[in-house]
Amino acid sequence: DTTPLIFERVGVRVADGELLFPSRSPDSWSFEEAEMLKTCDSFTFANAKAKCNSEMKGLGTAIQIKDCTFDQCFGMNEHALRAARTFANAADKAAAGETSVTA
């Protein structure tokens, strides 16, 4: 199964009645995600945002639309985590156990 096939089959978000858990986790948006989204080319970004707005029928929150757009821009990237790490600061890396914070 590939990411594009999953997006095609499931849509941009899992329906409330099909969740594995009783509720969705709280949405949050990190600095690194915001910085990485800025690197999505304008054509892909515009198409992704339009698709997300259309499939959510205007009912998605601003964060849900950004999450969906991010997924459309980078969901097919097998190395998205590696790319995202380039936006992490020293404290973020230390919190993830990747490095220690030095003064």
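## The C52–C68 disulfide

A disulfide joins C52 to C68, with an S to S distance of 1.9 Å. The model is a predicted one. The torsion about this S-S bond is -85°, which makes the link of C52 and C68 left-handed. Distant parts of the chain are linked here: C52 sits in helix α3 and C68 in helix α4, 16 residues apart.

Is C52 buried or exposed? C52 counts as buried because its relative accessible area is 0%, under the 20% cut-off. C68 has a relative accessible area of 1%, so C68 is buried as well.

## The C40–C73 disulfide

C40 and C73 form a disulfide too, and their sulfur atoms lie 2.1 Å apart. This pair links distant parts of the chain, 33 residues apart. C40 belongs to the loop between α2 (31-37) and α3 (42-55). C73 belongs to helix α4.

The link of C40 and C73 is left-handed, with -75° about the S-S bond. Both of its cysteines, C40 and C73, are buried.

## Count and pairing

How many disulfides are there? The count comes to two. In general terms, a disulfide is a covalent bond between the sulfur atoms of two cysteines.

What is the pairing when the bonded cysteines of the protein are numbered in sequence order? It reads 1-4, 2-3. C40 with C73 and C52 with C68 are the pairs concerned.

## T69 in helix α4

T69 lies in helix α4, which covers residues 62-74. Helix α4 also holds C68 and C73. Is T69 buried or exposed? Its relative accessibility is 2%, so T69 counts as buried; the cut-off for buried is under 20%.

Which residues does T69 touch, leaving aside its neighbours within four places in sequence? T69 is in contact with L37, F45, A48, K49 and C52. One of these, C52, is the disulfide partner of C68. C52 lies in helix α3.

Which residues make the nonpolar surface patch? I6, V10 and V14 do, and the patch has an area of about 190 Å². I6 lies in helix α1, which runs over residues 3-10.

I6 has a relative accessibility of 34%, so I6 counts as partly exposed. The label follows because partly exposed covers the range between the buried cut-off, under 20%, and the exposed cut-off, over 50%. T69, by contrast, is buried at 2%.

How values were computed:
Residues are numbered from 1 along each chain as its sequence is written. This is a predicted model: local features need pLDDT of at least 70, side-chain atom pairs count only at pLDDT 80 or more; totals for chains, interfaces and linings use all residues. Side-chain values use heavy atoms; hydrogens and water are left out. Patches are made of residues with over 30% relative accessible area and no salt bridge: like charges are joined within 9 Å, nonpolar side chains (Val, Leu, Ile, Met, Phe, Trp, Tyr) within 5 Å. Accessible areas come from the Shrake-Rupley method with a 1.4 Å probe; for residues, only the protein chains shown count as cover. A salt bridge is a side-chain nitrogen of Lys or Arg within 4 Å of a carboxyl oxygen of Asp or Glu. Helices (H or I, at least four residues) and strands (E, at least two) are DSSP runs, numbered from the N terminus. Buried means under 20% relative accessible area, exposed over 50%, partly exposed in between (1.4 Å probe, protein chains only). Contact means heavy atoms within 4.5 Å. A disulfide is a pair of cysteine sulfur atoms within 2.5 Å.
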